[in-house]
Amino acid sequence: MIEWISRAWMKVRISMHKSLNRTLYKQGVIVYGIPKLVHRDKITIGKNSTINENVYLYGRGGIVIEDGVSLSYNVSLISSGYRTSDWMENKKHKHHESDPIKIERDCWIGANTTVLKGITIAEGSIVGAGSVVTKNLTEPNALYAGNPARYIKSLKPPKL
């Protein structure tokens, strides 16, 4: 009984969250849990995307999530961070750099993955669970995984 009440309450909370953020969620966006959205005015989520529980979107530098993208449990997209090019000076001042993150159509980002600033993930890609994406993933329809994330294999069907 308690589990049923808990699920019902979560559905009410999600419904309220979606209605309060209706400009962010386009047609067909499915939300399982309430994502943490920082700088939500710089975040765009495409149609038919899925956002699972405990997702963190830090949009200071901008985040574009195209149509059909799935963000699994505990994914973090962080579009800002310390400037490290002059670290000896910046460790005192704590200046930040911001660069947009772009996740192209029909990608699946596995659970517990972190995507850092300035990253583009190519269309149809899968990023394995627990990966840390520090460089652009440029090969479309490919599997990437690891820390840092690297190319594993193509997901295109073999030519006959």
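## Gly-110, tucked away

Gly-110 counts as buried because its relative accessibility is 5%, where buried means under 20% relative accessible area, exposed over 50% and partly exposed in between, using a 1.4 Å probe and protein chains only. This is a predicted model, where local features need pLDDT of at least 70 and side-chain atom pairs count only at pLDDT 80 or more, while totals for chains, interfaces and linings use all residues. Residues are numbered from 1 along each chain as its sequence is written, and side-chain values use heavy atoms, with hydrogens and water left out.

So where does Gly-110 sit? It's in the loop between strand 12 (108-109) and strand 13 (114-115). Strands here are DSSP runs of E with at least two residues, and helices are runs of H or I with at least four, numbered from the N terminus. Setting aside neighbours within four places in sequence, Gly-110 is in contact with Ser-72, Val-75, Val-127, Gly-128 and Ala-129; contact means heavy atoms within 4.5 Å.

## Strand 17 and its partners

One of those contacts, Val-127, leads us to strand 17, where its bridge partner is Tyr-144. Strand 15 (residues 126-127) runs parallel to strand 17, with two bridges joining them. On its other pairing, strand 17 runs antiparallel to strand 18 (residues 150-154), joined by four bridges. Two strands pair if DSSP finds at least two bridges between them.

Ala-145 stands opposite Arg-150 in strand 18. Strands 17 and 18 make a hairpin with four residues between them, and Gly-146 in the turn has a positive phi of about 110°.

## Ser-131, fully covered

Ser-131 lies in the loop between strand 15 and strand 16 (132-133). With 0% relative accessibility, Ser-131 counts as buried. Its side chain reaches the backbone oxygen of Gly-128 at 2.7 Å.

## Out at helix 1

Ile-5 is found in helix 1 (residues 2-20). It counts as partly exposed, because its relative accessibility is 44%.

Notes:
A polar contact is a pair of N or O atoms within 3.5 Å; within protein, one must be able to donate a hydrogen and the other to accept it, and residues adjacent in sequence count only if both atoms are side-chain atoms.
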